[in-house]
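Work through the exercises below with the sequence and the structure at hand. Try each task before reading its solution.

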Amino acid sequence: MQLDLPPLIWLRAFEAAARHLSFTDAAKELNLTQAAISKHVKSLELSLRHQLFIRHPRSLQLTKTGEAYLPKVRDAFERLAIGTREVFGGRRAKELTVRCAVSFAVNWLAPRLPEFLDCNPDKNVRIISSVWNDAFDTDVFDLDIQYGTGGWSNVRSHRLTWETITPLCAPGLVDKRPLKRPDDLREHRLLHVLGYQEGWGIWLNAAEAKTVDPGQGLQLDTSLTAFEIAAEGGGVALGRLSVANRERKSGRLFAPFDLEVPIDEAFHLLEPLGRGLHPDAALFVDWLLDAAVRDRVTM
């Protein structure tokens, strides 16, 4: 989208001059010369084709157009300042920023994170989500939680989950089409999540479901989407224990078969090597690893 906006320096010169009603005082504030401020304001007036100031020998006076334009400019600067502070202003040095897959953030981390925050009320944590396992960007986040089998370079990894996979569907789905044997899945839409290496083929092979095409069905980019479609009766998702357990406990999804197949893929916490860690990183890592151990015991 192309925005028809005057240069920012022209607008800053106008706003400061309007506030002080003086080119000289505006120049002092912006660390420019009086001539520069006058030139920027004149350029703005020529661009807008409207006079903004009435110039007196020793003072300035806003025109009616200038009076109408000033609150618009101030509001824009205030919004920009607020947005800048929200995203950048002093936050990066204070907050521990953790990136993780959106399905892990919603289904695993969200129910447990309040424990850390309640025990450490003086610590600030920022969670940003990802869909794909992009490279570790130390300029954006301090810790990363990725899904895979390990082997990441330039990081120290800690395994957080031990996964099993099993089909999940809406309770009412079996009333429409039977799901008594694994081979009955050939009559159902399989929901696949892109990025997972171990998928339907692994489970179907373990279940000896030889008549089911492991590639048929719908491709999706997150487990959250797959679970939602499955809960609406739109297919059968392949649930991973760490991100599907909440859905099963809530009753939105259930496992029509008893077979749960262990897989090698898991969620891992990654710490960058070769640079200093955030001061709160060690505390968060210790808590997260302890939570992972407790979670494994209760599963």
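A nonpolar core is a set of buried Ala, Val, Leu, Ile, Met, Phe, Trp, Tyr and Cys residues joined through side-chain atoms within 4.5 Å. Here, buried means under 20% relative accessible area. The model used in these exercises is predicted.

**Exercise 1. The nonpolar cores**

Find which residues of the largest nonpolar core touch the most other members.

Solution. 
1. In soluble globular proteins, nonpolar side chains tend to be buried together.
2. The largest core holds 54 residues, and those touching the most other members are F104, I145, L185, W203, F284 and L288.
3. The greatest contribution to this core comes from helix 11 (residues 281–298), which gives 7 residues.
4. Take F284 as an example: leaving out residues up to four places away in sequence, F284 touches L96, V98, L113, F116, V125 and L143.
5. Another core, of 19 residues, lies apart from the largest one; A13, A17, A26 and L52 are among its members.

**Exercise 2. Two partners of helix 6**

Describe how helix 6 packs against helix 10 and against helix 9.

Solution. 
1. Two packed helices are described by the angle between their axes and the distance between the axes.
2. For helix 6 and helix 10 (residues 241–250), the angle is about 70° and the axes are 9 Å apart. Angles of 65 to 115 degrees count as roughly perpendicular, and helix 6 and helix 10 are therefore roughly perpendicular to each other.
3. Helix 6 contributes S103, F104, V106, N107, W108 and P111 to this contact, and helix 10 contributes S242, V243, R246 and E247. By class, the residues of the contact are 5 nonpolar, 3 polar and 2 charged.
4. The axes of helix 6 and helix 9 (223–231) cross at roughly 65° and come within 8 Å. That makes helix 6 roughly perpendicular to helix 9.
5. In this contact, V102, S103, V106 and N107 of helix 6 meet S223, L224 and F227 of helix 9. The classes are 4 nonpolar, 3 polar and no charged residues.

**Exercise 3. Positive phi**

Say where L21 and R49 lie, and whether each is exposed or partly exposed.

Solution. 
1. L21 is not a glycine, yet has a positive phi of about 50°. L21 lies in the loop between helix 1 (8–20) and helix 2 (23–30).
2. The relative accessible area of L21 is 38%, so L21 is partly exposed.
3. R49, also not a glycine, has a positive phi of about 60°. The loop holding R49 runs between helix 3 (34–48) and strand 1 (53–55).
4. The relative accessibility of R49 is 75%, so R49 counts as exposed.

Notes: Residues are numbered from 1 along each chain as its sequence is written. This is a predicted model: local features need pLDDT of at least 70, side-chain atom pairs count only at pLDDT 80 or more; totals for chains, interfaces and linings use all residues. Side-chain values use heavy atoms; hydrogens and water are left out. Helices (H or I, at least four residues) and strands (E, at least two) are DSSP runs, numbered from the N terminus. Buried means under 20% relative accessible area, exposed over 50%, partly exposed in between (1.4 Å probe, protein chains only). Axes are lines fitted to C-alpha atoms, for helices over the stretch in contact, and angles run from 0 to 180 degrees between N-to-C directions. Angles under 35 degrees count as roughly parallel, over 145 as roughly antiparallel, 65 to 115 as roughly perpendicular and the rest as oblique. Contact means heavy atoms within 4.5 Å. Ala, Val, Leu, Ile, Met, Phe, Trp, Tyr, Cys and Pro count as nonpolar, Asp, Glu, Lys and Arg as charged, and the others, Gly among them, as polar.
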